[in-house]
Amino acid sequence: MEYHMQKTYYKTASLIANSCKAISLLADQTAEAANFAHDYGSNLGLAFQLIDDVLDFTGTSASLGKDSLSDIHHGIVTAPSLFAMEEYPELPPVVDCGFEDPKNVDLALQYLWKSHGIQRVKELAKEHADRAAASIDLLVEQWQSRERIAACPHRSDTHRHYRNQVI
């Protein structure tokens, strides 16, 4: 699962994370704000991809814009299957045999539906969504703090110089 999350970061979340960070830097925000933006994008991207993994099993072809169960039919093992393999030690050998044989796909799906894999992935996605929300809260707090400093009418020139160095 650790490898899958790392792969998911590099596949999806890093694009969103680095895009958010770039926007922050282009908007002349602080390095701390850029890091909050990166954390937001990273967690948003992970949550997005985890839910995409779930939808491959639970969505319809019409809602997905592609065939449902396409990942497993293409031999791609995603988070729900990984959690199911933790629950059912009989499942990894089936996965190792590959999914060219439709019987292996059917057997893997039977284990998946019996498992708590989909629920565990939803919970993990919620954790990442909550982390993304917390990063946004920190980013907003920082922006509000900058606005309060900028709006202070009784700043000294020293304070103004210091503020310009920090921001």
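**Cysteines**

I began with Cys97, which counts as exposed at 56% relative accessibility. My cut-offs: buried is under 20% relative accessible area, exposed is over 50%, and partly exposed is in between, with a 1.4 Å probe and protein chains only. Cys20 is buried, with a relative accessible area of 17%. I then searched for disulfides (a pair of cysteine sulfur atoms within 2.5 Å). The structure holds zero.

**Ground rules**

This is a predicted model, so I note that local features need pLDDT of at least 70 and side-chain atom pairs count only at pLDDT 80 or more, while totals for chains, interfaces and linings use all residues. Residues are numbered from 1 along each chain as its sequence is written, and side-chain values use heavy atoms, with hydrogens and water left out.

**Cores**

I looked for nonpolar cores next. Such a core is a set of buried Ala, Val, Leu, Ile, Met, Phe, Trp, Tyr and Cys residues joined through side-chain atoms within 4.5 Å. The largest has 27 residues. Leu50, Ile72, Leu91 and Leu109 have the most contacts inside it. At least two of its residues come from each of H1 (2-26), H2 (31-58), H5, H6 (91-97), H7 (102-114) and H8 (117-151). Helices here are DSSP runs (H or I, at least four residues), as are strands (E, at least two), numbered from the N terminus. Another core, of five residues, lies apart from the largest one; Cys20, Phe36, Ala37 and Leu139 are among its members.

Which residues is Leu91 in contact with, leaving aside its neighbours within four places in sequence? I listed Ser81, Ala84, Met85, Ala108 and Tyr111. Contact means heavy atoms within 4.5 Å.

**Helix H5**

I checked burial along H5, residues 79-87. The helix is mostly covered: seven of its nine residues are buried. These are Ala79, Pro80, Ser81, Leu82, Phe83, Ala84 and Met85. Glu86 is partly exposed, with a relative accessible area of 48%.

I then looked at H5 against H2. The two pack at an angle of about 80 degrees, with their axes 8 Å apart. Axes are lines fitted to C-alpha atoms, for helices over the stretch in contact, and angles run from 0 to 180 degrees between N-to-C directions. H2 and H5 are therefore roughly perpendicular to each other. The scale: under 35 degrees is roughly parallel, over 145 roughly antiparallel, 65 to 115 roughly perpendicular, and the rest oblique. H2 makes the contact with Leu50, Asp53, Val54 and Phe57, and H5 with Ala79, Pro80 and Ser81.

**Salt bridges**

How many salt bridges does a search of the whole structure find? I got three. The test is a side-chain nitrogen of Lys or Arg within 4 Å of a carboxyl oxygen of Asp or Glu.

Arg120 and Glu86 meet in one, at 3.0 Å, N to O. This pair links distant parts of the chain: Arg120 is in H8, Glu86 in H5, 34 residues apart. Arg120 is partly exposed at 30% relative accessibility.

Asp130 pairs with Lys126, the closest N and O atoms being 3.0 Å apart. Arg131 pairs with Glu127, with the closest N and O atoms 3.8 Å apart. Asp130 and Lys126 both lie in H8, four residues apart, about one turn of the helix. Arg131 and Glu127 both lie in H8 as well, also four residues apart. An α-helix has 3.6 residues a turn, so residues three or four places apart point the same way. Asp130 is partly exposed at 40%, Arg131 at 42% and Glu127 at 39%.
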